[in-house]
Protein chains: 2
Amino acid sequence: MSIIVLGTVALDSVKTPFGRRKELLGGSAAHFSMAARLFTKVNLIAIVGSDFPKKHIVFLRSKGINLSSLVTDSGKTFRWEGEYKGDLNSALTLNTELGVLSVFKPQVSEEQRKIENIFLANVDPDIQEHLLRKMHSPKLVGLDSMNYWINTKRKELIKLLKLIDIYVANDQEARDLSGETNLIKAARRLSSFGPKMVLIKKGEHGVLFYSRSLHASSGPVFSLPAYPVEKVIDPTGAGDTFAGGFMGYLAKSGKINSSAIKKALAYGTVAASFNVEDFGLYRTSKLVPQDLERRLIKFKSCFSF
Amino acid sequence: MSIIVLGTVALDSVKTPFGRRKELLGGSAAHFSMAARLFTKVNLIAIVGSDFPKKHIVFLRSKGINLSSLVTDSGKTFRWEGEYKGDLNSALTLNTELGVLSVFKPQVSEEQRKIENIFLANVDPDIQEHLLRKMHSPKLVGLDSMNYWINTKRKELIKLLKLIDIYVANDQEARDLSGETNLIKAARRLSSFGPKMVLIKKGEHGVLFYSRSLHASSGPVFSLPAYPVEKVIDPTGAGDTFAGGFMGYLAKSGKINSSAIKKALAYGTVAASFNVEDFGLYRTSKLVPQDLERRLIKFKSCFSF
């Protein structure tokens, strides 16, 4: 079944130990889509400015992504500039230009309102709720956020958590929003705010998944290491790519049980491992489903015994 | 087959968010032994002072550990005092009293010299080499060290790496000794110093294992998450407990192939997860092999799909 992703389409300028790139196509919705399209039809909900290069529209469309709700507004496209140092585990944001993002009111067609799988990637929680309220029959709703909103719109974010199924956060965000240092406790607390499931991304250390509804012999926690990548070129968008692989697989499978969740976590891991191997969307945009399958087998043999 | 462990037997005083304990039985060789004994006969090589409580000797012996080469010298037993805060991932050392450790020359009986499985837990690299040179037919030699020796006896440590099979380090030590931030690169570089295998312990994030000799479909890297423990009471000795489970299983199985290594990593993980659930050796000393087996099954279901 198809999926809707709300988020940003951005122009990213990035510097890593492996070089710098200016105004690459990026943004949470773009990275998410590039992974999720390998599993299902993706409907992208975002806004760009009148300066947004047409070639990027052509490019996204060529990847099969439905852009009927990608709005172009007068003004500048959202831009992000960042730098990674050392072990590339965290970005230093050098500059953010909101541009048209500050006036974003997501559009969604009557047809798209029927879509049951929804991912609310990182934008203002008010915008996320605005879209979610428009949807006719949400079945599986994932939500990502970031420290900026945790700090400035905590109340709105916590209110929104009551309406969703899966909260996706990195380890620092999970600790900040929950007030717990132990990540299992953090996940349990975040789940008590509403979402049945909490997915904590730990970058090079993999992922921790908590569910209070699944009955697995392991208990409420699943955990996977990261796929070992020796040459991390640019981690920008890895978390959104993970979410795209994870939600894309779940949307395709149509099931939410412990077996499907673990496989979805593995697909998210593998998708993210491709993303970090080159700048921007260079690597993930060239993927075909067989690439994921091949790496999934290698990944599995890293820990199966 | 039996195993020899060289290391410390100490009196540990520790403060964690869950309380404080004074002069607990601890030390690298004690923690290692408490896990390895669940797989094979353990021969402990260490030194204690004349102040070492007899009840600890009785206790270790009651666990089936061979203490014939545990030397008692006039002087004080090695003492360590530390504190854990926040997420309990790293200890703050408050005080170290070397005592008799400063005059330690490991003793080993003629019978013990024939033992083929050897673990050189964290002591002065010169002492580690001294013991290793006495052994008649080392087959599988593991080595652990710490930042103190990496900084003060780097040359000796790197020389010693040429003589061993498995170097065991935590992530910070691996980065410090290799000069690489990416842990796979760090492992590869450490392996180039001598050891065919490098095991990097990442605490709550699990373990990364690198081998340049095993031919596995996954490539040279194995990776496992940690077993999810919600209430970490005292992580002191978790790394040594991991090593004890890992080396103990390998010594018992008598095989070094990718399947045995992955299973050994899983046993190490599970043993360490018990260790952190209580102070000192409280939890691991009460374990029977079936406890490991039961938790291994739960652990496997955290990530198997």
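**Close-up views of the two-chain model**

**View 1. Helix α7(A) against the sheet of chain A.** In this predicted model, α7(A) lies across β10 (166-170), β11 (197-201), β12 (207-211) and β13 of chain A, and runs at about 40 degrees to β12(A). Helices (H or I, at least four residues) and strands (E, at least two) are DSSP runs numbered from the N terminus, and residues are in contact if their C-beta atoms, placed from the backbone, lie within 7 Å. Axes are lines fitted to C-alpha atoms, for helices over the stretch in contact, and angles run from 0 to 180 degrees between N-to-C directions. Residues are numbered from 1 along each chain as its sequence is written, while chains are lettered from A and ligands numbered from 1 in the order in which they are written. As the model is predicted, local features need pLDDT of at least 70 and side-chain atom pairs count only at pLDDT 80 or more, whereas totals for chains, interfaces and linings use all residues.

**View 2. The open sheet of chain A.** Nine strands, in the order β5-β4-β1-β8-β9-β10-β11-β12-β13, form an open sheet of mixed pairing in chain A, where two strands pair if DSSP finds at least two bridges between them. At the edges stand β5 (66-73) and β13 of chain A, each with a single partner strand, so one side of each is left without a neighbour in the sheet. From one strand to the next the twist averages 15 degrees. Within this sheet, β1 (residues 3-6) and β4 (residues 42-49) of chain A pair in the parallel sense over four bridges, and L6(A) stands opposite I45(A) in β4(A).

**View 3. Strand β1 of chain B and its partners.** Four bridges join β1(B) to the parallel strand β4 (residues 42-49) of chain B, in which N43(B) is the bridge partner of I4(B). A parallel pairing over four bridges also links β1(B) to β8 (residues 117-120) of chain B, with V5(B) opposite F119(B).

**View 4. Helices α8 and α9 of chain A.** Helix α8 (residues 238-253) and helix α9 (residues 258-275) of chain A pack at an angle of about 145 degrees, with their axes 7 Å apart. The contact includes F242(A), F246(A) and Y249(A) of α8(A), and L265(A), Y267(A) and V270(A) of α9(A). By class, the contact of α8(A) with α9(A) has 13 nonpolar, seven polar and one charged residues; Ala, Val, Leu, Ile, Met, Phe, Trp, Tyr, Cys and Pro count as nonpolar, Asp, Glu, Lys and Arg as charged, and the others, Gly among them, as polar.

**View 5. The interface between chains A and B.** In the contact between the chains, 31 residues of chain A meet 31 residues of chain B. On the side of chain A that touches chain B, α7 (183-192), β13 (221-224), α9 and α10 (289-301) each supply at least two residues, and this side has twelve nonpolar, twelve polar and seven charged residues. Of the interface residues of chain A, 100% are also interface residues in chain B, so the copies meet through the same surface.

Terms used. Two residues are in contact if their C-beta atoms, placed from the backbone, lie within 7 Å.
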